[in-house]
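Dear colleague,

I am passing on the structure we spoke about, and below it I set out what was found. Please read the notes alongside the coordinates.

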Amino acid sequence: MSVAVSMPLFPLSAVLFPGGRMQLQIFEQRYLDLVRDSMKSGEPFGLVWIRQGSEVAQRGQASTALGDWGCSARIVDWDQLPNGLLGITIEGEERFDLHATQVRENDLVVGEVTLRPDPGPAPMDAQWQSMVDVLQSLEAHPHVQKLALSPDFCDAWSVGWTLAQLLPLEEHLKYQMLGYDQVELLMSELDRTLNEISGEG
């Protein structure tokens, strides 16, 4: 039985997948505090998609409509950017379900979450080979190379999540894909989406 735990949240208008990486600029004090605490403790924080509203919430309020699930994130790199802001690279780890939120005195949103079980590796079906080909072509792009991703091409979950992270999809579609617990649903949706992008849908 899963036990609810408290996790600091980083609401964002983007979706993070397990194994995916994302670069962020940090400028609000509450998130500078979050990054400092996460780096000091080694504990992850939760990245959760904003359904509607702003990434800059009203003081003292969780004034955004947050998704019902998200992904824990760990900081894997950081640097001071030319504009003087803190830049971090985060990597997705575990999916979670979000049950409730509260706002701390420093305006940081904290969630009550339960971590979803790791689905474990799923064998790649031959019909999904085209998605491996697309992912390998995306890895040749300089921007993707900078992220230093390491997908497991023999694991359908890893291929699907990494592809969903990199493709220029609407964030609400990525959010839906993050919530799938059957790899067949994820790969079927990606296949349909890729056909639409290529004009074959």
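The buried residues of α5 pack against the strands β3 (45–52), β4 (65–80) and β5 (86–103) and against the helices α4 and α6. Those buried residues are K174, Y175, M177, L178 and G179, where buried means under 20% relative accessible area, exposed means over 50% and partly exposed lies in between, with a 1.4 Å probe and protein chains only. Helices (H or I, at least four residues) and strands (E, at least two) are DSSP runs, numbered from the N terminus.

Before the rest, two remarks on provenance. The model is predicted, so that local features need pLDDT of at least 70 and side-chain atom pairs count only at pLDDT 80 or more, while totals for chains, interfaces and linings use all residues. Residues are numbered from 1 along each chain as its sequence is written, and side-chain values use heavy atoms, with hydrogens and water left out.

M177 of α5 is in contact (heavy atoms within 4.5 Å) with F17, A164, L169, L186, E189, L190 and T193, leaving aside its neighbours within four places in sequence. M177 is also, together with L163, M187 and L190, among the residues with the most contacts inside the largest nonpolar core, which has 30 residues; such a core is a set of buried Ala, Val, Leu, Ile, Met, Phe, Trp, Tyr and Cys residues joined through side-chain atoms within 4.5 Å. At least two residues of this core are supplied by each of α2, α3 (142–147), α4 (156–166), α5 (171–179) and α6, and the largest share, seven residues, comes from α4. Apart from this core lies another, of 19 residues, among them L24, F45, A73 and L86.

Turning to the helix pairs, α4 and α6 pack at an angle of about 40°, with their axes 10 Å apart; axes are lines fitted to C-alpha atoms, for helices over the stretch in contact, and angles run from 0 to 180 degrees between N-to-C directions. The two helices are therefore oblique to each other, given that angles under 35 degrees count as roughly parallel, over 145 as roughly antiparallel, 65 to 115 as roughly perpendicular and the rest as oblique. In this contact A156, W157, V159, G160, W161, L163 and A164 of α4 meet V183, L186, M187, L190 and L194 of α6.

Helix α2 (residues 129–138) packs with helix α6 (residues 183–197) at an angle of about 65°, again with the axes 10 Å apart, which makes α2 roughly perpendicular to α6. Here S130, M131 and V134 of α2 make the contact with M187, L190, D191 and L194 of α6.

D107, in the loop between β5 and β6 (109–115), has a positive phi of about 75° although it is not a glycine, and D107 is buried, with a relative accessible area of 9%. A148, in the loop between α3 and α4, likewise is not a glycine and has a positive phi of about 55°, but A148 counts as partly exposed at 47% relative accessibility.

Finally, T89 sits in strand β5 and counts as buried at 11% relative accessibility. Not counting residues up to four places away in sequence, T89 touches R21, M22, Q23, R74, I75, V76 and D77.

With best wishes
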